[in-house]
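Thanks, everyone, for making the time this morning. I would like to walk slowly through one structure with you, so please have a look at it before I go on.

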Amino acid sequence: MSFLRTASRLAGALVLAALVVWMVHLSYTSKSAGVRPRDPALVKRVQINMGEVLESPLGLDPLPIPEGNPQTREKVALGRLLFFDPRLSVDGTISCASCHNPKLGWSNGLSVAFGVRGQIGKRSAPTVLNAAYSDTLFWDGRAGSLEEQARGPLMNPLEMANTSAGVVATLKAIPHYVKRFEQVFGRPEFGIDEVVAAIAAFERTLLSGNSPFDRYKYGGDTAALSASQVRGMELFRDKAGPNCAKCHRFDDFSADLTDFRFHNIGVGMDHPTPDTGRGAVSQNPEDRGRFRTPTLRNVALTAPYMHDGRFATLEQVLEFYMRGATSNPDLDPEIHRFELTPGQQADLLAFLESFTGTVGTPAGGGKRPPAADAGPAAPMPPPAAPPATPRATPPGAAPAARPAGNPPAGP
Ligand code: HEC
Ligand code: HEC
């Protein structure tokens, strides 16, 4: 009896497992039908819109796209214009790109950010590269999505110092924007929700991957790293030594180079009134002095370092970790002192350089989906006619090629 029961349970489980495998297979193949990847062995394909199948760069996971804000090429192009447009700030001087400059690893090269009227902010501007992978944004994780995040700088009195009404009124006074919003969202009215949706859609195309590290680790290119960098990689994950990979994580499939969690490594804890970071957001005493682990992608380009921009070079960052960071009662247990010879330090630093990748822009340069792939209910109708004025750059051109600062290429 009991044997029969076990056997029938086992059979049931097998049928269920087969069903799940079949369903996963079905959903994968139906999404990717009709599009040939560059190299199926190396590239993960990303479902960025119904029917629009694109590839995330080597070393990155498929990109999560929120259901409420599907990617379309037109929306990404609009978001890009907005990102580079200083007219979104209260006095027309500062755009998102002023602080997230493509030439400076999508950061700004400053310890703390400068906003409108030369005002000084409190924290360093992180890169926006691969921010699309994070469920919590800002150093303290106080925003839960890129859409929510984008409202922050627009309204922050120390940054762009505008209001929702101010941003929308400015854009509504520019006929070209009015037309674009209507093309993208399918109705003449728009508000701040549409503005931040478009900006977020653009940011989801700012993906850095395919670095020498990715080509070595995920692309099978053993020549992509030098011998010194390979030794540096071993040190990077040496638990008894530097232990960097504990928080700046990578695995056998992809590398976020962050664990997306909050840690106290003591930065700023030596200040008389420290920035308590996550603690101020969660109001949990355990979170005091914790900040979200930043990604190390393109880290060689995003100096200065830490939430307060205290270190100008990666050498200084490494010295800081070697002496056990800044001791304080809430220091993360994974942080400890370690010693490296000058040669080992050079190896580890050389390895950090290997995270500099190429910025892929899947949606910006997205292929048009075959009509049959568009799905039953494409959420965003395609524009009826091509945009009246040419795009700032041809679709497919990397935004990284944009000039620094606030390019005049707005509509
Ligand atoms: C005056 C400089 C400045 C401007 C302008 C600015 N930012 Fe930022 N940005 C920052 C700083 C500083 C932070 C970190 C603030 C914090 O953590 O408290 C940040 C954080 C971010 C993050 C979070 C990244 C992460 O990994 O958590 C994103 C995304 C971002 N900004 C996008 C934008 C967008 C979109 C705009 C335009 C609407 C914009 N920024 C305008 C300085 C700026
Ligand atoms: C316990 C988790 C943890 C470990 C271990 C760790 N880090 Fe970090 N790392 C962080 C956090 C958190 C920050 C941000 C701290 C802040 O700004 O307050 C950070 C910041 C950085 C930055 C600055 C990045 C930027 O954009 O400002 C670099 C570079 C860095 N770490 C490299 C390393 C290296 C190299 C190692 C190994 C020697 C290492 N980390 C070990 C959690 C960790």
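Which element gives the largest share of the shell around ligand 1? Before I answer, please keep in mind that this is a predicted model. The answer is α4, from which 5 residues of that shell come. In total, 27 residues surround ligand 1, and the closest of them are C96, C99, A113, F138 and P153. The elements that contribute two or more residues to this shell are α3 (96-99), α4 (146-155) and α7 (192-203). If we sort the shell around ligand 1 by class, we find 18 nonpolar, 6 polar and 3 charged residues.

Let us turn to ligand 2, which is surrounded by 25 residues, with P242, C244, C247, V267 and H307 as the closest. Here the largest share, 4 residues, comes from helix α11, residues 314-322, and the shell around ligand 2 divides into 16 nonpolar, 6 polar and 3 charged residues.

Helix α11 also leads us to helix α12, residues 342-353, because the buried residues of α12 pack against α9 (227-236) and α11. The length of α12 can be checked: at 1.5 Å a residue, its 12 residues should span 16 Å, and its end C-alpha atoms are 17 Å apart, which agrees.

Which residues of α12 are buried? They are D347, L348, F351 and L352, and because they cover an arc of only 140° around the axis, they lie on the same side of α12. An α-helix has 3.6 residues a turn, so residues three or four places apart point the same way. On the other side of α12, P342 and G343 are exposed.

Notes
Residues are numbered from 1 along each chain as its sequence is written. Chains are lettered from A and ligands numbered from 1 in the order in which they are written. This is a predicted model: local features need pLDDT of at least 70, side-chain atom pairs count only at pLDDT 80 or more; totals for chains, interfaces and linings use all residues. A residue is near a molecule or strand if its C-beta atom, placed from the backbone, lies within 6 Å of it. Ala, Val, Leu, Ile, Met, Phe, Trp, Tyr, Cys and Pro count as nonpolar, Asp, Glu, Lys and Arg as charged, and the others, Gly among them, as polar. The expected span of a helix is 1.5 Å times one less than its number of residues. A residue is buried if 20 or more other C-beta atoms lie within 10 Å of its own, exposed if 12 or fewer, and partly exposed in between; C-beta atoms are placed from the backbone. The arc is that of the directions from the helix axis to the C-beta atoms. Two residues are in contact if their C-beta atoms, placed from the backbone, lie within 7 Å.
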